[in-house]
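Morning, everyone. Please have the viewer open.

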Amino acid sequence: MESETEQLYRVAVDAQGNAHCPYSKYPVGAALRTASGAVFSGCNVENAAYPLGSCAEAGAIAAMVLAGERDIVELVTVTNGPLVGTPCGGCRQRIREFAAPTTVVHSAIGTGLADPGTITMTMADLLPESFGPQNLTNP
Ligand code: THU
């Protein structure tokens, strides 16, 4: 039977297939699971005005927030290989906004989660000593 992580991988691969990346030709898919068990996905969407492009993780997070959810438990990104693409710095901060230190992020390529190249890290390892919502709470 498919595990929850395998499900996220499959959904991320589907999302990668819809990426709009005519400029970089580097499709990315992301899928995340929230504390409620709901799954949201996104792909990168580039623009002829290059800086306006958005990352796959940003799309998945936007879909999650639109649905009224806030707590990311696990997230999978899929990029093309052979080098696995981990979330960019900006996306680490985007994920962190809705993550716990223990949130797990898997960075995979199209050959499957079990590929030895897959990189699995916690949020705390992806963005150590991070700045987040707690920093802005008034005493
Ligand atoms: N990209 C993502 O979607 N997520 C990342 O974390 C890294 C980069 C996209 C942005 C751009 O469309 C393409 O990959 C090449 O940078």
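First, a definition: buried means under 20% relative accessible area, exposed means over 50%, and partly exposed is in between, with a 1.4 Å probe and protein chains only. Helices (H or I, at least four residues) and strands (E, at least two) are DSSP runs, numbered from the N terminus.

Now the ground rules. This is a predicted model, where local features need pLDDT of at least 70, side-chain atom pairs count only at pLDDT 80 or more, and totals for chains, interfaces and linings use all residues. Residues are numbered from 1 along each chain as its sequence is written, and side-chain values use heavy atoms, with hydrogens and water left out.

Start with helix 3, residues 89–96. Its buried residues are C91, R92, I95 and R96. Why do they sit on the same side of helix 3? Because they cover an arc of only 140° around the axis. That arc is taken from the directions from the helix axis to the C-beta atoms.

Contact here means heavy atoms within 4.5 Å.

Next, the strands. Two strands pair if DSSP finds at least two bridges between them. Strand 3 and strand 4 run parallel, joined by seven bridges. L75 has V105 in strand 4 as its bridge partner. With helix 3, these two strands make a right-handed β-α-β unit. Right-handed means this: with the strands pointing away from the viewer, the path from the first strand over the helix to the second runs clockwise.

Stay on V105. On strand 5 (residues 119–122), V105 stands opposite M121. Strand 4 and strand 5 run antiparallel, with four bridges.

L32 stands opposite L75. Strand 1 and strand 3 are antiparallel, with six bridges between them.

One more strand residue: T77, in strand 3. T77 counts as buried, at 1% relative accessibility. Leaving aside neighbours within four places in sequence, T77 is in contact with G29, A30, E57, G85, P87, H106, S107 and A108.

On to the ligand. Which residues surround it? S24, Y26, V28, N44, E46, C55, A56, E57, P87 and C88. The criterion is a heavy atom of the residue within 4 Å.

A polar backbone atom of A56 is 2.9 Å from an oxygen atom of the ligand. For an N or O atom in the side chain of E57, the distance is 2.8 Å. A backbone N or O atom of C88 lies 2.9 Å from an oxygen atom of the ligand. A polar contact is a pair of N or O atoms within 3.5 Å; within protein, one must be able to donate a hydrogen and the other to accept it, and residues adjacent in sequence count only if both atoms are side-chain atoms.

Last, the backbone. Most residues other than glycine have a negative phi, and most peptide bonds are trans. Now the exceptions here. The peptide bond from G81 to P82 is cis, with omega near 0°. P82 is in the loop between strand 3 and helix 3.

K25 is not a glycine, yet has a positive phi of about 55°. K25 is in the loop between helix 1 (4–16) and strand 1. Is K25 buried or exposed? Exposed, with a relative accessible area of 62%.

E129 also has a positive phi, near 50°. E129 is in the segment after helix 4, and counts as exposed at 82% relative accessibility.
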